[in-house]
Amino acid sequence: MQQRHTDRLKYFSELAATTKEYFLPYIKQFHNINASSEILEIGCGEGGNLLPFATMGCKVTGIDISVNRIRQAKEFFSQKNCDATFINSDIFEYKSDAQFDVILCHDVFEHISKKSELLDFCHKHLKPGGIMFLAFPAWRMPFGGHQQISHNRVISHMPFIHLFPKCIYKGLLKLGHETDDCIKELMSIKDTSVSINQFHRLMKHSKLNILDKQFWFINPHYKQKFGLKPRKLNPAISKLPYFRDFVTSTFICLLQPQS
């Protein structure tokens, strides 16, 4: 398990830095962001992605199912003297009719079982002309199963093991003396996984359109995590439907309501 998974302030700061340098400028290419903008993040965790928007004066709201993450988000934002609204809730139990200029969903989509319902939720809560920022690791990429959260140092550095059949993958985790909670989480991610092809099939039945999309060979966030220079996938490879899943560390897109 990496330090950032236990040092949540470090993780918060890394996310804020990545969003400021990469994700916010990307969104601003397609949507004007200013002090009157209202931003929602689904699965906000400690709120790192929201910090750059808050420092611009945007009205930011974060929702997360974890009580601890929401508590930490409030604490970290207080330390930064930034205003934000943080809500501890399952996103599907969020009853507000509020609409937002931008909805963020970063590294959360792969954890959601009801993916079509989530896209419908975002369509409902986007203002006219609003956009959704969506990013998730391609399932077949080396660490698409999030096995890096494992406590066993060997297993946490083993690529592609999440692609093993369930019985073999679970057996390997048990052999590595992973906790029951860790095994449960990793098996849950395997159940809710999404490939880039699966995502495109979902979009055919969605009320949202893809405004823009990016395939990254080296995830922009890896600059903060590992000191690696971010790099987009070769355009020719990004057009290969199955193979691209193995080499896309993160798929990023902007979605907008259908006209």
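Setting aside neighbours within four places, its contacts are Leu119, Gly130, Ile131, Met132, Leu134, Phe199, Met203, Leu208, Asn209, Ile210 and Leu211. The model is a predicted one. Leu255 is also among the residues with the most contacts inside the largest nonpolar core, together with Phe109, Met132, Leu134 and Phe199; this core has 32 residues. Two or more residues come from each of strands S1 (38-42), S4 (100-106), S5 (126-136), S6 (208-218) and S8 (250-257), and from helices H4 and H7 (196-203). A second, separate core has 29 residues, including Ala54, Phe86, Leu104 and Ile252.

The strands come next. Eight of them form an open sheet in the order S3-S2-S1-S4-S5-S8-S6-S7, and the pairing is mixed. Strand S3 (85-88) and strand S7 (231-232) are the edge strands, each pairing on one side only. In general, strands of a sheet pair through backbone hydrogen bonds, in either a parallel or an antiparallel way. Both kinds occur here. S5 and S8 run antiparallel and are joined by five bridges.

S1 shows the parallel kind. Five bridges join S1 to strand S2 (residues 59-64), and the two run parallel. S1 also pairs with S4 in the parallel sense, over three bridges. Glutamate 41 can be followed to both sides: it stands opposite glycine 62 in S2, and its bridge partner in S4 is leucine 104. Four of the five residues of S1 are buried, so the strand is largely enclosed by the rest of the structure.

Helix H3 (residues 67-79) touches S2 and S3, and its direction makes about 165° with that of S3. Helix H4 lies across S1, S4, S5, S6 and S8, running at about 145° to S5.

Helix H6 covers residues 180-192. At 1.5 Å a residue, its 13 residues should span 18 Å, and its end C-alpha atoms are 18 Å apart, which agrees. Its buried residues are Cys182, Ile183, Leu186, Met187, Ile189, Lys190 and Thr192. An α-helix has 3.6 residues a turn, so residues three or four places apart point the same way. What covers the buried residues of H6 includes helix H4 (115-125) and helix H5 (166-175).

Gly144 lies in the loop between S5 and H5. From Gly144 to phenylalanine 246 is 102 residues in sequence, while their C-alpha atoms are 9.0 Å apart in space.

The whole protein can now be described. It has 10 helices and eight strands. Of its 259 residues, 51% count as buried. A compact globule with 259 residues would have a radius of gyration near 18 Å, and the protein has 18 Å, which agrees. Along the principal axes, the C-alpha atoms fill a box of roughly 50 × 40 × 35 Å. Among contacts with a separation of 6 or more, 69% join residues 24 or more positions apart.

Technical notes: Residues numbered from 1 in each chain as written. Predicted model: local features only at pLDDT ≥ 70, side-chain atom pairs only at ≥ 80, totals over all residues. Heavy atoms only, no water. Expected span 1.5 Å × (residues − 1). Buried < 20%, exposed > 50% of the residue type's maximum accessible area, 1.4 Å probe, protein only. Contact = heavy atoms within 4.5 Å. Core = buried A, V, L, I, M, F, W, Y, C linked by side-chain atoms within 4.5 Å. Pairing = 2+ DSSP bridges. Axes fitted to C-alpha atoms, helices over the stretch in contact; angles between N-to-C directions. Rg over C-alpha atoms; globule rule 2.2 N^0.38 Å.
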